[in-house]
Amino acid sequence: MEEIWKFVLENKEIFYFVILSVFVGIEVIGGVPTVLHTPLMSGANAIHGVVIVGAIHVMLHVDPSHILALILGTLAVFLGTLNVVGGFVVTDRMLEMFKKKK
Amino acid sequence: MEKYALLEIIYLIGSVTFIIGLKMMGNARSARNGNLIAAAGMILAILGTLFLHENDVKIVVYALILSAIALGTIVGWMTAKRVQMTKMPELVSMFNGMGGACAALIGLMEYEHNAGSVGAMIAIVAGTVIGSISFSGSIIAFLKLNGTMNKPIRLPSYNIINTIVMISVFAFAGWIAYASSAEGGSLWASSVNGAELSQGSMLFIYLLFAVAIVYGILFTIPIGGADMPVVISLLNSFTGLAAAFGGFLYDNKIMLTGGILVGSAGTLLTLVMCKAMNRPLTNVIFGAFGGSTTSSTTEVKGAIKDASATDIAILMNYSKKVVIVPGYGLAVAQAQHVIHELEQLLEERGVEVKYAIHPVAGRMPGHMNVLLAESNVAYEKLVEMDDINPEFDQTDVVLVVGANDVVNPAAKTDPSSPIYGMPILEVDHAKHIIVNKRSMSAGYAGIDNLLFYDPKCSMFFGDAKKALTELVNELKNLD
């Protein structure tokens, strides 16, 4: 129990941060026309590719003699990059279609 | 010191670009720039993470990171550029799965270094579980959308099995988090020395990873193809959540903002989509439809009429108003250009032509708009369901191309139908209905369509592109 109280006290700012971000997320998406749902989902998909920052972080702290960790880390960076690059490029291709008719 | 301060500033800028980018993506005019702004923020954050640190990193490790990024960029770019517009939803699903896998791998790797810390363990275990579910779920969604796995697989009493598996995944996860974060009285007390866990306890996190993968599969396989967009959107927000847990673990603000933003926006988007189909989310997940056994109660009466291209050409030529209902079949056959040609031909002859777009036409909301925009159909001709429905009464001919469930009157008349309650395009109010389909097979929801037996309805069988080309030629010959 002690641990949990400590945990709450140590991370109180984060909790506010999380709650406020949730509201920002809801606010930002509110009232979007149906037409834009697919590109929006795709764009959001690209943004969560930000996990790649975590993957790079792991790799920067990895023990170079730990082969399994190296393999998993490299794989994580690769998959994260796929998510980011593929996500943004696909979204751009979709949105390009909307612009053309102007 | 200044490096870290600079990195924090970069993360702050990155977070702001995500918020602004997402906001701009909510408006057709600014959407493309919004996407680019978010992408710029992402690149900045990645470069910052790579170079703004004071760790002593071996060249080999750097080489690995950079080559992984290079390879990922090439593969991601090529796939995204080459894929056909019709395949876009499954691609989004695939990329989403990759992000989930990335989050899960981070969890696996960090597990051994964080024994004894409650917060870190919660974040690690949660990131692993959610990332893995998102990964395997997305892969299944991908396979379903691209047709490799086209029938929903229903284990006997799958709801109970799934719930049991889900509870065990979370119980197992909670237990691991608890056991490995308790400093003294750990369940494998001897192996906890400072911050490193033994090999034996590593087994648990891999086991958890495996179980979560299995749950992701079980979660997705019973869900019918028509509901896949909702599932993808949901898994999308899962991956966001997994990324946020990573951010919590490293106290990394950009991962937190990016992750939570997508998590909450994705959840809202999921609910909005469910609303468009008039089905609660729980119904999508637990009351999955699309099976063959669910409803055989509706007896089909009447006969099906067949019409030739010539008949239809003449009919259309002498009508005042034609409404086209495009569905996924049109997209699959790549018939969006031919349909535009048909539209132009009819307009030249003084026929008013409109497109009726159901909110879930295609495979995702807005998918059909993207496809038709690709073939230069004017934006104003695409009319959303609520606006077009009152117009069907004055419509002479409705041409349904490759759509099925969205025009099935059973959604309004038959309470036993699995799609009962879904808002539909009321095409049966028009004077004539022409349905182009490849065969009489049921639609994506796997149910029979009463519309086809309507006396006003004629079937025009054939691949959408071929059939429409034939129709266009017949129209040209009429002069």
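Mentor: Let's start with a side chain: that of Asn436(B) reaches the backbone oxygen of Gly462(B) at 3.2 Å. That's a polar contact, meaning a pair of N or O atoms within 3.5 Å; within protein, one must be able to donate a hydrogen and the other to accept it, and residues adjacent in sequence count only if both atoms are side-chain atoms. Bear in mind that this is a predicted model, where local features need pLDDT of at least 70 and side-chain atom pairs count only at pLDDT 80 or more, while totals for chains, interfaces and linings use all residues. Residues are numbered from 1 along each chain as its sequence is written, chains are lettered from A and ligands numbered from 1 in the order in which they are written, and side-chain values use heavy atoms, with hydrogens and water left out.

So, where does Asn436(B) sit, buried or exposed? Its relative accessibility is 1%, so Asn436(B) counts as buried (under 20% relative accessible area; exposed is over 50%, partly exposed in between, with a 1.4 Å probe and protein chains only). Leaving out residues up to four places away in sequence, Asn436(B) touches Val400(B), Val401(B), Gly402(B), Phe460(B), Phe461(B), Gly462(B), Ala464(B) and Ala467(B), with contact meaning heavy atoms within 4.5 Å.

Asn436(B) belongs to strand S6 of chain B; helices (H or I, at least four residues) and strands (E, at least two) are DSSP runs, numbered from the N terminus. Helix H17 (residues 464–477) of chain B lies across S5 (397–401), S6 (432–437) and S7 (457–461), and runs at about 145° to S5(B). For that angle, axes are lines fitted to C-alpha atoms, for helices over the stretch in contact, and angles run from 0 to 180 degrees between N-to-C directions.

Those strands are part of an open sheet of seven in chain B, with parallel pairing and the order S1-S7-S6-S5-S2-S3-S4. S1 (305–306) and S4 (382–384) of chain B are at the edges with a single partner strand each, so one side of each has no neighbour in the sheet. Two strands pair if DSSP finds at least two bridges between them. Take S2 (residues 321–326) and S3 (residues 352–357) of chain B, which pair in the parallel sense over four bridges; there, Val322(B) has Val353(B) in S3(B) as its bridge partner.
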